[in-house]
Amino acid sequence: MALKLEHVAKRVGADAHIHDTTLSLEPGSFNILLGSTLAGKTSLMQLMAGIQAPSSGSVWFKGKNVTGVPVQKRNVSMVYQQFINYPNYSVFDNIASPLRVAGLSKSEIDAKVGRVAELLRLTPMLRRRPNELSGGQQQRTAIARALVKDSGVILLDEPLANLDYKLREELRDELPKLFAGRDAIVVYATTEPVEALLFGGNTATLHEGRVTQFGPTPEVYRRPMDLVTARVFSDPPINTAEIVKEGSEIVLPGDIRWPAGAAARPIADGKYTIGVRPHHIVPFAQHGAGAALEGRVLVTELSGSESIIHFNRDGKTWVSQSHGIHPFDVGSLATFHVDVDRILFFGGQGELIS
Amino acid sequence: MKRWTALVPTFYIVFLLLPIYWLLNMSFKTTNEILGGFSLYPHEFTFANYMTIFNDPTWYMGYVNSLSYVVINTALSVTVALPAAYAFSRYRFLGDKHLFFWLLSNRMAPPAVFALPFFQLYSAVGLFDTPIAVALAHTLFNIPLAVWILEGFMSGVPKELDETAYVDGHSFWSFFLKIFLPTIAAGIGVACFFCFMFSWVELLLAKTLTAVDAKPIAATMTRTASTSGYELGLLAAAGSLTLIPGAVVIYFVRNYIAKGFALGRV
């Protein structure tokens, strides 16, 4: 029943859009493709859907090799970032389109479209044209069209990115409910780590056309296999530094000495790259083991409930993220507290050590 | 002060419409009155000029001929241009940009350059003096124009629409005819309008490639300093009638032309 990609790669001319990738997605699962723009999320989805054929490797669905099968025969659905609907069709006809092509009877079509329209609260708009609807309703129409046929794979390519904040939150809450109870494989591409964490499920992190890690979302977040994955799965960007571990201390450039935390104790002395998530550096003292880091404030971004502070120490920029409002004057000196137990240690190849 | 500013556009519009008024004015006069002296409106109002045109085949066949080659040309140009424009807007292929520019450069040569080869070619294959000859000759500059206009409109449609249709199960032709063409209906309207207009006003090729049977109306009009002297009233009536098809066509596409300009393709 699963969708399997086996050593799939996509090259266009001399450029490799997708490097050798092997993935197996289970029915009924919610899978997130996380990566920045141009990381290859859309390319990978096109390979999964069959819109593009891979340059090498094979795609398997329900135990059958579907590598060369055109998208029309794949039984997949797709929703794009842009609100893609047929402008000359009414909302009803838009949703009914895949059913009409499949040759269903009129009564079946009416029933199915009615049901899915009710689910997405589109019933009052069925007679209207897509361009008469709001952005949120247009995207609901596109989602309805993706849900109305019982496709085995539902691909959502940043479906919420073009919506304003309020609508995005609303639809983000609804999405998992829409897929609950279906045995379809849902693939959801996003650039936002927060969105991946909110949805849970499985996450595949993508970087420059490569899947760097695939696994349950919290695990990928907590134990990134390498530095690249940690960078992809962190917003604001993860702080990194070259350090030397010396016994019970770690030494940062500029001879900053921190006590080795829980993660550092079992590893051998030597050179490492550390990753410190921004919310593990806060501008107030915490209970438990901590290390201090003094720096000159460069930028403070204060949202309603959160402070993101960029500061400079010995020519290196650090980012701190904390709850509450912590206003600092730009240029002032401030002391930040680092949760040393949560530091990630990476080896020379960028692999996670501890 | 305010009244003066309103006068500027008024003066401009009057200035523009004056020749058209004068043409209509003349068409309702007798030739004697036209030659007799200056009069701002027809003193002896007459439909005789129009009656002559509608009753004399050498006159009204001019309209029939012109309209038939213009319609054939418009249908042909747009039909051929649609798949070409789709290819230019959706696919990257070897030399696509050069080819696209070369298409446009076809419009840079004066039609006179092609008059002789066309004349010889069509005479040789027996197409001379048929509306088809003129229609084919006019595709030379109308197909590039239509491709250029349609490509602009098609590129305004995201390629994700194509993909969505395929994902829904549509075949290429089902998508192209049922979804894509209605989506760019405005562009097709604009392309039709420009093909129609350029073919309608083009005189040199139309005149060179016809003799008697397929003579266009504009050629008929230039001929009529006839045996009975200058029939100015008749010519004015013919001219007035010639304005009508263009006006009718532009009425239908008036809302889309602006969109075409906005795309920078018209």
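**Entry 1: chain B domains**

I began with chain B, which splits into domain 1 (1-46) and domain 2 (64-262); the bounds come from an automatic or database domain assignment. The model is predicted: local features need pLDDT of at least 70 and side-chain atom pairs pLDDT 80 or more, while totals for chains, interfaces and linings use all residues. Residues are numbered from 1 along each chain as its sequence is written, and chains are lettered from A and ligands numbered from 1 in the order in which they are written.

I looked up the spacing: the C-alpha centres of domain 1 and domain 2 of chain B are 33 Å apart. Their contact takes 8 residues from domain 1 of chain B and 8 residues from domain 2 of chain B. Two residues are in contact if their C-beta atoms, placed from the backbone, lie within 7 Å.

On the domain 1 side, α1 (2-27) and α2 (31-36) of chain B each supply at least two residues. Helices (H or I, at least four residues) and strands (E, at least two) are DSSP runs, numbered from the N terminus. Ala, Val, Leu, Ile, Met, Phe, Trp, Tyr, Cys and Pro count as nonpolar, Asp, Glu, Lys and Arg as charged, and the others, Gly among them, as polar.

**Entry 2: chain A against chain B**

The contact between the chains takes 18 residues from chain A and 14 residues from chain B. On the chain A side, β6 (76-79) and α2 (91-102) give two or more residues. The largest share, 4 residues, comes from α2(A). I logged 12 nonpolar, 5 polar and 1 charged residues for this side.

**Entry 3: a sheet in chain A**

I traced 5 strands in an open antiparallel sheet, in the order β15-β19-β16-β17-β18 (chain A). β15 (281-282) and β18 (316-323) of chain A stand at the edges with a single partner strand each, so one side of each has no neighbour in the sheet. Strands pair if DSSP finds at least two bridges between them. β16 (residues 291-302) and β17 (residues 306-313) of chain A pair over 6 bridges. V297(A) stands opposite F311(A) in β17(A).

**Entry 4: backbone checks in chain A**

D314(A), not a glycine, has a positive phi near 55 degrees. I placed D314(A) in the loop between β17 and β18 of chain A. D314(A) is exposed, with 10 other C-beta atoms within 10 Å; the cut-offs are 12 or fewer for exposed, 20 or more for buried, and partly exposed in between, with C-beta atoms placed from the backbone.
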